[in-house]
Amino acid sequence: MNTPPGHGRTAGVGRTAGRGLRRQRGYGGPEVLEVVETDLPTPGRGEALVRVHAAGVNPADWKVRSGAVRKFGAPPFTVGLDLCGVVVAVGDGRTARFKPGDEVYGCAFPPHGAHAEYALAPVEALAAAPVGIGRGRS
């Protein structure tokens, strides 16, 4: 998948960076987190690729990081559950309720967590952002 227009950065010679993200390399404290660059993921059936404008940090995040909750499998994976942002691409199938440009909020789950510039999220875990709540608005 190519970087959506207006959303990429140049990283190194001739390479377009897909996204920066906070990856967890093992279970433990904050020391297991690292910031890395990866290519943009391609949304699959029932998924949307969201340009993340804000991501939350809540008790579930530290429980996943510490290993107290192992629902998502073993690391490495991207941390963070809650996000809001703009849909930039949708996968095939059950994604008709969102299209590129729609403002959304919801959850992204490891391995594709919310603490990233772009996150994959299941469309069932997203909702349209209420009018008046979105990027750059208060």
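This is a predicted model: local features need pLDDT of at least 70, side-chain atom pairs count only at pLDDT 80 or more; totals for chains, interfaces and linings use all residues.
Colleague: Okay, so is Lys 99 buried or exposed?
Modeller: Lys 99 counts as exposed, because its relative accessibility is 52% and the cut-off for that class is over 50%.

Colleague: And which side chain does Lys 99 meet in a salt bridge?
Modeller: The partner is Asp 102, and the N to O distance in this salt bridge is 3.0 Å. Asp 102, with a relative accessible area of 17%, is buried, since that class takes values under 20%.

Colleague: How many salt bridges does the structure hold?
Modeller: It holds three, and one of them joins the side chains of Arg 25 and Glu 34, at 3.9 Å from N to O. Arg 25 is partly exposed at 47% relative accessibility, and Glu 34 is also partly exposed, at 29%.

Colleague: Why do such side chains pair at all?
Modeller: Side chains of opposite charge can pair when their charged atoms come close.

Colleague: Switching topic, what does Glu 117 form with Arg 51?
Modeller: Glu 117 and Arg 51 form a salt bridge in which the closest N and O atoms are 3.9 Å apart. Because Glu 117 lies in the loop between β8 (103-107) and β9 (118-122), while Arg 51 belongs to strand β5 (residues 47-55), the pair ties together parts that are 66 residues apart in sequence.

Colleague: And how accessible is Arg 51?
Modeller: Arg 51 has 22% relative accessibility, so it counts as partly exposed.

Conventions: Residues are numbered from 1 along each chain as its sequence is written. Side-chain values use heavy atoms; hydrogens and water are left out. A salt bridge is a side-chain nitrogen of Lys or Arg within 4 Å of a carboxyl oxygen of Asp or Glu. Buried means under 20% relative accessible area, exposed over 50%, partly exposed in between (1.4 Å probe, protein chains only). Helices (H or I, at least four residues) and strands (E, at least two) are DSSP runs, numbered from the N terminus.
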